[in-house]
Amino acid sequence: MTVHPSQQSTTGDGVGVLGRDGEIGRILRCVAREPGAAQTLLLLGEEGTGRTTLLRHVRERAAVDGVLVLAAQGWAEDPRHAHACLRQLLTPPVRDELAALPAAQQRALTAVPGADDPADEAELHTAVTALLDRLAASRPVLVCVDDADLCGRAFPEALFAAVRQLTGRALTVLLAARHETALPTPPPGTEPLRLGPLSATSAAALLDRQPAAPTGRHRLEILAEAEGNPLALVELGRGAPGPAEAVRHAHVFGVRVDALPAATRRALLYAAAAGPGETVATVMAALGTDELAVWAPAEAAGLIALAEDRFDFRHPLARSAAYLRRPAGERQQAHRELARVAVLPEVRARHLAAATVGADASVAAALEASAWRRGDAVEAARALEQAARLSPQPPERARRLAEALAAAHAAGDPGWVRELHERLVQEGGEPEFVCAAAGALASVLSHESAQRQAFELLVDAAEHFPVVDRTLALALAGLATGIAVQSGLPEHTAALPTLLDRARHADASGRWRPATAGPLARLDTPHPRTLAALVTAVTRPRSAPSTGAPPGPGPTPGAPDASAARAVLAAVAHQADEADVDLGQTRTADERLRGARAFGLRGWSVPPLVDTLLASGRFAEAGSVIEDALTEATVLRLPRLRADLETQALTVRALRGTLPSEPWFTPSVWRAVSLDENRATHARLLRARGLASLTRGDMEDAWRQLRDLFTADGAPLHPCLSARAVAELAVTAQRTGRSAEALPILERVLAEQGDRPSTRMTLLLHHATALVGPDREAEQHFQLALVNHGANRWPWECAHVRLNYAIWLRRCRRTLEARQQLTTVLETAERLGAGALAAAAGTELRASGAAPAPADAGLLEQLTAQQQQIVQLVARGLSNREIGERLFLSPRTVGSHLYNVYPKLGISSRHQLRDLVQGR
């Protein structure tokens, strides 16, 4: 079964512009002359940031809305061309209005430079103002000027003069330029709109749109080199399969490089070959000079800047041009000289590899030895792949390919993993290599959606377990367990004990030692007893440990290779609802993996981590983890992980009471996910939709969504996640009069939990029983749900119990007791930021006769001073980046403030925030 949600644009305004939704919305609000919107906007951005594309899109949108659009393009830094830019505005509809103007104004507007007597400045200002006044009298007018800094000063000054005079007209002036300083002084109230780099997700989407778009390692290299610049993404993407073939000799940056003195061109070559972050001192040493004057021509040409002993190429394509315009022999020599002066082993190995033609065992060994020195999965995979390429002997080449494949799997790029997997299969080799290749491919297949194919790969690989190292066999058994949890398929669960038993009896000689000194590529497996505990928890949930840490030794504190051990330990704790152990282990591992750019490994722990954060009431932290992981999953094109994270994002919004308008999901993602073999994702989807419907008060739809977490005969869709939604199912059953239908499901869940359910499941089962069981026993079950102090680790679920207990008490006319429970609920909900729960508690408090909150308290007054500043700037249309620049905050900090502000104000979007502020 594949889900097909309704259509939703992931890029906002049209498929022609990516990642500029905020800028487009801000401009269109100005065009619509909304209250507080500026009449003049300056669209500023370096070369290639997409100014022209954005202007074209805005013009098209405005024209569709009935706005008269006047467009001009600057093309020469010559004051005489002010009239040339002006004449571009005189389209046929505009010329019809010229006849109504005085003759002197007509001559000022239509004068031809060199053929007519030019109008003086005052005449030109008066004529432009008069023309725009007539045009704006009948319909809104938008004047768009691209490259306004190339129109001379007279033309922009005339437009600014018109804006100053026509403040009451529906006139908007939008000027695009590289720098604000190149334009005359704009009118008061003019707002600058700076185009920065595209976000990581938008940059990836733009690159993937290109014809013959790159894949695998080359795709990641282009994304890194382009630094979010749209022009660089397009140009480098055209040069696929790699950045080194991207820049054409006729490109503008190449022309600038060619115009430099020979010594400066050589210096730029060395700076480009050195790579980002290298020091000026190192490059100067490689050049054999200490004369900084060699850089002056490049600085004057706007190609490079030197600051604090670092190089900064002003544009990604400037770096490519500086490198590619030089002959291959000069590039080789540059790398040799940089290797000679390099201090760090990994840097020296990288330059030696770039200077090497053909196989070289010593360089290959240097690359392998230093691959993991920086603890970065992407860099390690690249170095190990190069090491394999330079290896003269087939056995060494196969081994290094296996290590590169393990590192690429840690990085998480499916295309890269497939490329290396295919090469390793062609090389053939030892059973260890076959198993390592199967594990890496199975992992990315699972992240994409193909659980059956992934599990079958591991079952086939298990045939080699008798002759492979036990460490590798146990790692693959652990991976199979993760796939079984994700698929939720009974046949996968049933096969796990056999796989684990085979792994236990594998060779214990310790022959498998991939990724020298690499804590991430090598899946260092914990003690077999810990892995056995995980398999037991998955195959027989009633036997899972219910308190404390699971059996078997945990990771040694400070051990460099403990990430996999922590992941398994956290997975056991997650199955057993031991939130403290789960969060303690997962947070530590997640922090290390994030720093290592190892999302292929992080992808296994992030969805369970978010589940635990949500269940323990840490909504803000959950939202932050989701945002970060969703960016990674989108860039790496991992649809199943994106689907999980989208459902969890909706869950956060539902719990906080800040639901966005539908549709909630990205259609292309869900078309790629088969829910039939991804039951964990399906369960998260159904619960998220159910909670969303509960928040909206649609009990019938909430019942339908949550009921589908169980089959017709009451069996759970997913053995773990379905049971954890039993209390929410009971709520909807009670509200819709279906308690009798829900009771058999509850009884089955209760039976499957065994004699010692976890503290959390005890709470949920008593809560559900109080709602759909015999009414005479309801109070006893409400109290049993709350009596265990360990239940406080699940504050939202405890508050949910108290809310329904209070409703029951009020129905029994025990109003004072109900108010006591509701007061506790409200305090908890406000502390957690659970807006939906707070709203429900407030409604029940008012129904119980409690005094309502003062109506004149003012929503904004409850915010901190800094939050109020941010709110006001958002209402003016500023982006998080622009707000951060004004308040000296990071964009992430601004986003975190907004995340906490929305539920306090009862809103869910910037648009609603603007309406709230302007309506005060």
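Good morning, everyone. One caution before we start. What you see is a predicted model. Keep that in mind throughout.

How many cavities of 30 Å³ or more does the structure hold? Seven. I'll pick the second largest cavity, with a volume of about 270 Å³. Its lining has 19 residues. Closest to the centre are D611, L614, R687, L721 and R760. Which elements give two or more residues to this lining? There are helices α29, residues 599-615, and α31, residues 639-656. Then come α33, residues 679-696, and α39, residues 795-811. The lining counts 10 nonpolar residues, three polar ones and six charged ones.

Next, the cores. The largest nonpolar core has 160 residues. Which of them have the most contacts inside this core? Those are L367, L424, F465, V749, F782 and L837. Take V749 from that list. Leaving out residues up to four places away in sequence, V749 touches F710, A723, V726, M761 and L765. There is also a second, separate core, with 43 residues. Among them are A203, M284, V341 and V635.

While we're on buried residues, look at V572. V572 sits in helix α27, residues 563-575. Is V572 buried or exposed? Its relative accessibility is 1%, so V572 counts as buried. Now find L534. V572 and L534 are 38 residues apart along the chain. Their C-alpha atoms are separated by 4.9 Å.

On to charge. A search of the whole structure turns up 56 salt bridges.

Pair one is R373 with E346. Their side chains meet in a salt bridge at 2.6 Å, N to O. Where do the two residues sit? R373 is in the loop between α18, residues 361-370, and α19, residues 377-390. E346 is in helix α17, residues 345-354. The pair links distant parts of the chain, 27 residues apart. E346 has a relative accessible area of 13%, so this residue counts as buried.

Pair two is R452 with D676. The closest N and O atoms of this salt bridge are 3.4 Å apart. R452 lies in helix α23, residues 451-461. D676 lies in the loop between α32, residues 667-671, and α33. So this pair ties together parts that are 224 residues apart in sequence.

D628 is in helix α30, residues 619-635. R594 is in helix α28, residues 579-595. Again the pair links distant parts of the chain, here 34 residues apart. D628 is buried, with a relative accessible area of 16%. R594 is partly exposed, at 36%.

Last, the network. Which residues do salt bridges with shared partners join? R217, E221, R382, E385 and R423, all in one network.

That's the tour. Thank you.

Notes. Residues numbered from 1 in each chain as written. Predicted model: local features only at pLDDT ≥ 70, side-chain atom pairs only at ≥ 80, totals over all residues. Heavy atoms only, no water. 1 Å grid on protein atoms, 1.4 Å probe; cavity = no way out; pocket = protein on both sides within 12 Å on 5 of 7 lines; lining within 4 Å. Points joined across faces, edges and corners; volume = space filled by probe spheres on them. Helix = DSSP H or I, 4+ residues; strand = E, 2+ residues; numbered from the N terminus. Nonpolar A, V, L, I, M, F, W, Y, C, P; charged D, E, K, R; others polar. Core = buried A, V, L, I, M, F, W, Y, C linked by side-chain atoms within 4.5 Å. Buried < 20%, exposed > 50% of the residue type's maximum accessible area, 1.4 Å probe, protein only. Contact = heavy atoms within 4.5 Å. Salt bridge = Lys/Arg side-chain N within 4 Å of Asp/Glu carboxyl O.
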